[in-house]
Amino acid sequence: MSIIDDDVPYPDAILHFGVFFQGVNHWTVWSAPDSGSQIDPASFRRVAQTAERGLFDAFFLGEGLRLREVDGRIHDLDVAGRPDAITQLAALAAVTERIGLVSTSNTTFNEPADLARRLSGLDLLSEGRAGWNVVTTDNAWTGANFRRGGYLDHADRYRRAEEFLTAARAIWDGWADDAVATSREAQAWSAPVTPVRQRSSQFDIEVTPTLPRSAQGHPVIFQAGDSSDGRDFAARNADVIFSAHGNDFDDALAFAEDIRRRLRAAGRPEDDLRILPGTEIIIGATEQEAREKARWVRLEQVTPATALNIASLVWGFDLSDRDAEGPVPKEDAVVVENTGAFGARRVADPQAVVTKWREQAEANGWSLRETAIALGPQRGHVGTPAALADKFTRFARHGAVHGFNITPYIIPDGLNDIVDLLVPELQERGVYRTEYAGATLREHLGLRPPLTRRGDLTERAS
Amino acid sequence: MSNSGLHLAIEIDGDGAHPAAWRRAAHAPAHLLTPGRVRSVAAVVENAGFTLATVDDDLLPPGSGRNPLGRIGAVERAAFIAASTSTLSVAPTVSTTYTEPFHVSSQLASVDHISAGRAGWVVGQTAAAEAARAWGRPLVDDRAREARDSTRVVRDLWDSWEDDAVIRDVATSRYLDRDRLHYIDFTGETFAVKGPAIVPRPPQGQLVVFAPEGLLPADLVDVTFTSASARAATPLTFTEIEVALDTPDATAGQRITDLGPWPSRGRLRFAGPADGLVKLITGLAGQVDGVRLHPLVLDEDLAVLSRLVVPALLRSRIAARPVPGASLRATLGLARPASRFQESA
């Protein structure tokens with residue numbers, strides 16, 4: 001039942017899947033009997049090996065540099081506690097063969113010499129499978145855990161990120177391709193290495209690079225900013241962009257078109273960046289079964305306490321003493337400053353959201369919890385393997401996405417249905433690989449060489 | 001901790017303790033920086049029966065001039081080794097002079113989770129001015145202060161989650177018990193750290209902390225590496241021994257001569273036949289708790305250590321193979337400490 005459709009802009013498109021271990025917020029179901037450990041190395045190994053069995057491009061770890069808080073107290077409702085990403089991925093390099101290993105690492109609270117070297121180490125230990133999701137932090141709340149302290153304002157954090165990347169690339173480019181001697185009888189172990197000097201608004205450093213490049217040149221650069229600054233940063237610097245635009249086809253396509261426009265403006269080919277929205281996929285043998293499963297997942301995710309927490313974030317004050325199964329609060333929203341304590345959750349116009357929640361709750365007879373489930377943060381795809389495969393094929397062949405970064409709602413077995421049921425349907429439609437063709441993450445993603453290693457494209461690097 | 005046995009540790013960085021060891025290595029130079037190399041050295045050390053491999057490191061190039069300039073970070077190698085072994089413990093050297101204690105704590109705690117409690121930390125320091133320039137920080141003069149404050153913070157962060165902080169209480173929808181999580185609120189002379197950690201408490205509670213003699217106050221250290229053959233004020237003391245052994249192809253003396261000058265680092269040094277080293281180590285039993293060996297050339301000396309030296313020490317019960325499933329603390333006879341933040345009921 002493959003779709004024969006030549007009248008699409010990208011008839012040969014192939015979907016790329018990544019898996020995001022742990023995720024954030026309340027999406028991970030920790031209360032079910034088969035909810036596994038979030039820290040046991042076996043959980044990581046199992047998810048990575050399942051993803052590899054499903055021919056995924058990448059296994060992806062997030063980062064949090066301070067435990068989340070609500071009203072000055074540690075948030076206790078969601079999964080928390082995770083390993084250092086690069087360290088965990090270096091361990092996975094030993095027990096996987098092909099899958100890419102992507103670390104989320106912060107440019108605000110790291111230094112280029114150290115982080116570039118750690119990423120190089122991961123890239124060498126995995127023989128060219130490392131990726132770096134470049135993130136920034138703009139709050140002093142996180143800075144309280146670091147020597148550096150303080151914070152950068154929104155504009156400076158991207159400036160620092162860009163200067164950081166420039167330094168990292170120079171460090172990665174520091175060794176000649178044939179720097180290391182081929183024989184123990186050679187004059188010296190390697191050619192001399194020239195220190196990298198960078199003096200810019202954020203850095204004054206001199207670094208002697210200590211590692212050669214891996215089989216893929218540089219770690220693959222991922223970026224997830226959704227603001228205009230973030231998208232431009234990605235268009236100038238990234239190989240892959242994560243997005244929140246993967247639920248609705250038109251929204252995904254509009255985002256992809258916007259990214260292609262920004263790529264052209266940055267002087268890059270418009271196929272130079274892979275767009276992988278984060279998503280959740282819930283599969284059932286029938287539509288009915290899929291819907292029932294999704295209902296169960298939502299109820300596990302949005303517990304009464306979590307519903308009250310979501311509402312508190314919308315309303316701007318503590319609603320934890322309300323009844324989640326009761327009506328939507330009558331009070332108006334209060335605008336509060338976001339300290340960063342609860343991640344990137346900002347509600348731009350809280351009163352508008354409150355009004356919408358109230359109207360919908362009234363119209364449908366919903367409780368506060370039902371309203372939070374229906375109107376709270378939305379994501380994901382629900383359906384049978386065949387229906388989902390048809391839908392994703394359309395996304396791919398119309399250039400709306402290059403794939404998805406999938407957050408399993410349960411660890412470690414939440415990927416099984418996707419690998420065992422969805423992947424074969426996609427393969428049947430010719431939109432998913434049937435074996436790994438390459439060895440490196442860059443090859444899996446079909447990317448060109450790193451931006452600073454393409455000859456004439458290099459001039460434009462900063 | 002007085003028993004008459006000795007714990008066997010070995011330093012596995014690079015191609016060996018001699019700066020020119022690469023010239024006698026059994027592989028092409030570039031192979032040093034591959035996963036195959038890291039894996040095979042760890043396998044040989046584990047199979048030989050060593051308790052612990054240490055992995056030296058610094059941000060700067062390991063050698064100079066004609067010698068190796070390349071080195072994969074010790075934490076990354078340690079994590080890779082932890083996932084490739086089952087009984088061998090691993091302790092990366094991580095410097096405290098310019099690094100972020102919050103990151104160092106997370107990285108080391110992660111190695112302990114990955115290894116199911118087989119991790120240690122060799123507390124390092126960085127003297128070279130080049131390091132300050134690489135980090136983009138002013139030169140640190142008082143390295144002992146940075147080492148002390150960083151180690152305090154790293155240890156406090158390991159304790160900042162009590163062992164049972166993850167409760168998964170379905171009745172109240174709470175994943176965590178926030179009363180079992182603790183802000184460390186450290187304020188030192190040069191930095192402050194709030195906490196708690198982002199990594200749950202390591203399986204060992206506290207990783208085993210190794211430090212060279214004199215770098216840290218004794219109460220922050222579990223095992224002192226000493227150049228002497230007498231116990232320090234810490235729970236355990238390991239003597240550092242540089243080792244060049246006679247091989248079937250060349251005597252220790254010939255091998256050292258072939259590589260050129262071997263700069264002294266003030267450690268004991270043994271050059272000679274395997275049985276001489278067995279005798280030297282046996283003589284340390286009762287005086288110290290363990291030895292850390294620094295082989296001249298890993299590929300050559302490790303073969304002799306595996307075939308002759310370690311088997312002799314195991315046979316005479318001077319040393320013991322680590323038991324599968326045992327944590328490094330358990331193997332070393334160190335108790336698993338309760339979190340310092342945990343209220344004693």
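I would like to begin with one pair, B:Arg133 and A:Glu206, which form a salt bridge whose closest N and O atoms are 4.0 Å apart, a salt bridge being a side-chain nitrogen of Lys or Arg within 4 Å of a carboxyl oxygen of Asp or Glu. This is a predicted model, in which local features need pLDDT of at least 70 and side-chain atom pairs count only at pLDDT 80 or more, while totals for chains, interfaces and linings use all residues. Residues are numbered from 1 along each chain as its sequence is written, chains are lettered from A in the order in which they are written, and side-chain values use heavy atoms, with hydrogens and water left out.

Across the interface of chain B and chain A, the rule finds six salt bridges. On the side of chain B that touches chain A, H3(B) gives the most, with nine residues; helices here are DSSP runs of H or I with at least four residues, strands are E runs of at least two, and both are numbered from the N terminus.

Turning to the whole contact, meaning heavy atoms within 4.5 Å, 78 residues come from chain B and 75 residues from chain A. The two chains bury about 6,300 Å² between them, 60% of it on carbon and sulfur atoms, where buried area is the accessible area (1.4 Å probe) lost on putting two parts together, summed over both.

The largest cavity has a volume of about 310 Å³, volume being the space filled by probe spheres set on the points. Its lining has 24 residues, and those nearest the centre of the largest cavity are A:Asp114, A:Arg117, B:Val94, B:Thr99 and B:Trp135. Helix H3 (112–125) of chain A is among the elements that give two or more residues to this lining, as are H2, strand S3 (89–95), H3 and H4 of chain B.

The second largest cavity holds about 160 Å³ of space. Of the 19 residues lining the second largest cavity, A:Glu63, A:Asp84, A:Ala85, A:Arg118 and B:His103 are the closest to its centre.

Key
1 Å grid on protein atoms, 1.4 Å probe; cavity = no way out; pocket = protein on both sides within 12 Å on 5 of 7 lines; lining within 4 Å.
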